[in-house]
Amino acid sequence: MPFPLSVEQKQTAFWVAVWVAFWLLLLALGPILTPFLAAAIIAYALNPGVDRLERLRLGRIGVPRALAVVVVVVLFLAAITTLGLIVVPVLQREIPLLQAQIPAFMAKANDTLGPRLREMGVHVPMDSAGIKELVSQQLASSGDEIWRSLLTWGRAGGSAVLGWLFIAMLVPVLLFYLLLDWHQVIARIADCVPRRYVGRTIAMAEEVDTLLAQYLRGQLLVMLVLAVYYSVSLMIAGFDVALPVGILTGLLVFIPYLGFGLGLVLALIAAVLQFTDWSGVIAVAVIYGAGQVIEGFFLTPRLVGERIGLNPLAVIFALLAFGQLFGFVGVLLALPASAVLMVAFKHLRRHYLSSSFYNA
């Protein structure tokens, strides 16, 4: 015969079921929650600046929060625009030069690979005319399939581009309203916590907030150090675009693979265009290889990991584990999520060590 449930147990089971249904709904709505999640993360990082600006006094009048939010959001968008203005001139300068060098590259490839291809029975000259002839033959033999594939890819790519444009336009709007009502949103979330756990929950939230603030400071320091390292190293190697490429690589290092990959591609293009031999490519390989070692084994574990209480082994494990579970987004959020989990585990361990199960 099953034990009868008390009123409190029935209420607990009901609200647990409600929260489980709520989280399942969030998982189902995952694709449309991306701009809200991005805006919430940015708002969390920018809210201290808004609060500090709001506390300023203009004579006897304080700064309205709406005005403080507008100023901070405009400065944030200006910083993003500045990054774009750093990248675009470099691309505008290097892409035409790269196009001008393509015939010379094709001629060199023809001299190097042509004899070996003829030995293998492939009699296609590795120059522009030969490539055009090969492409024309392939298009003639399988034109319908290629066009269908291109049409499918174009539809998917167009939908993805429209989705990213929609997110890019929606995030600033969401960011403004989140920053405007940030404290009210936090208070409403705190009001949803059961009263018996509110003290413990607020203490854990304050501890997590302190750790995440330390993480942001450490990540900014890593970005600054790497921007200086790449700029100075490329400048010593004699690159004309050392400053913009180095700054871009360092500032985008908080996005795993993107900052390093984009900086590496730009540096390799500059090396091919500027140097007549392999010295430029070798210099780029040495500089960026050493930069990855410095970032992965020294800067991130020491400046970020130690600030949030994670040792270097834990930092490396967190990056690999979250990347395996959640892909690119997991790598991006690995360290702050690990800080949150570390606080929860510490409180859980303290509760376990004081429990009758452990001490009996």
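Is Trp 23 buried or exposed?

Author: Trp 23 is exposed, with a relative accessible area of 52%; here buried means under 20% relative accessible area, exposed over 50%, and partly exposed in between, for a 1.4 Å probe and protein chains only. This is a predicted model, in which local features need pLDDT of at least 70 and side-chain atom pairs count only at pLDDT 80 or more, while totals for chains, interfaces and linings use all residues. Residues are numbered from 1 along each chain as its sequence is written, and side-chain values use heavy atoms, with hydrogens and water left out.

Trp 23 lies in helix H1, residues 7-28; helices are DSSP runs of H or I with at least four residues, strands are runs of E with at least two, and both are numbered from the N terminus. Together with Phe 14, Trp 15, Val 18, Trp 19 and Phe 22, Trp 23 makes a nonpolar surface patch of about 670 Å². Such patches are made of residues with over 30% relative accessible area and no salt bridge, nonpolar side chains (Val, Leu, Ile, Met, Phe, Trp, Tyr) being joined within 5 Å and like charges within 9 Å. The accessible areas come from the Shrake-Rupley method with a 1.4 Å probe, and for residues only the protein chains shown count as cover.

The largest nonpolar core has 27 residues, of which Leu 226, Leu 234, Phe 239, Val 245, Val 284 and Tyr 288 touch the most other members. A nonpolar core is a set of buried Ala, Val, Leu, Ile, Met, Phe, Trp, Tyr and Cys residues joined through side-chain atoms within 4.5 Å. Two or more residues of this core come from each of helices H3 (65-119), H7 (198-236), H8 (242-251), H9 (258-274) and H10 (279-305). The most, six residues, are given by H7. Apart from this core lies another, of 11 residues, including Val 50, Ala 68, Val 69 and Leu 175. Leaving aside neighbours within four places in sequence, Phe 239 is in contact with several residues, among them Leu 234, Ala 267, Phe 275 and Val 284, contact meaning heavy atoms within 4.5 Å.

Helix H7 also holds Val 228, which is partly exposed at a relative accessible area of 47%.

As for charged side chains, the structure holds three salt bridges, each defined as a side-chain nitrogen of Lys or Arg within 4 Å of a carboxyl oxygen of Asp or Glu. Asp 51 forms one with Arg 65, the closest N and O atoms being 2.8 Å apart. Because Asp 51 lies in helix H2 (residues 34-54) and Arg 65 in helix H3, this pair ties together parts that are 14 residues apart in sequence. Arg 65 also meets Glu 54 in a salt bridge, at 2.9 Å from N to O.

The side chains of Glu 207 and Lys 346 meet in another salt bridge, at 2.3 Å from N to O. This pair links distant parts of the chain, with Glu 207 in helix H7 and Lys 346 in helix H12 (residues 334-353), 139 residues apart. Glu 207 counts as partly exposed at 24% relative accessibility, as does Lys 346 at 37%.
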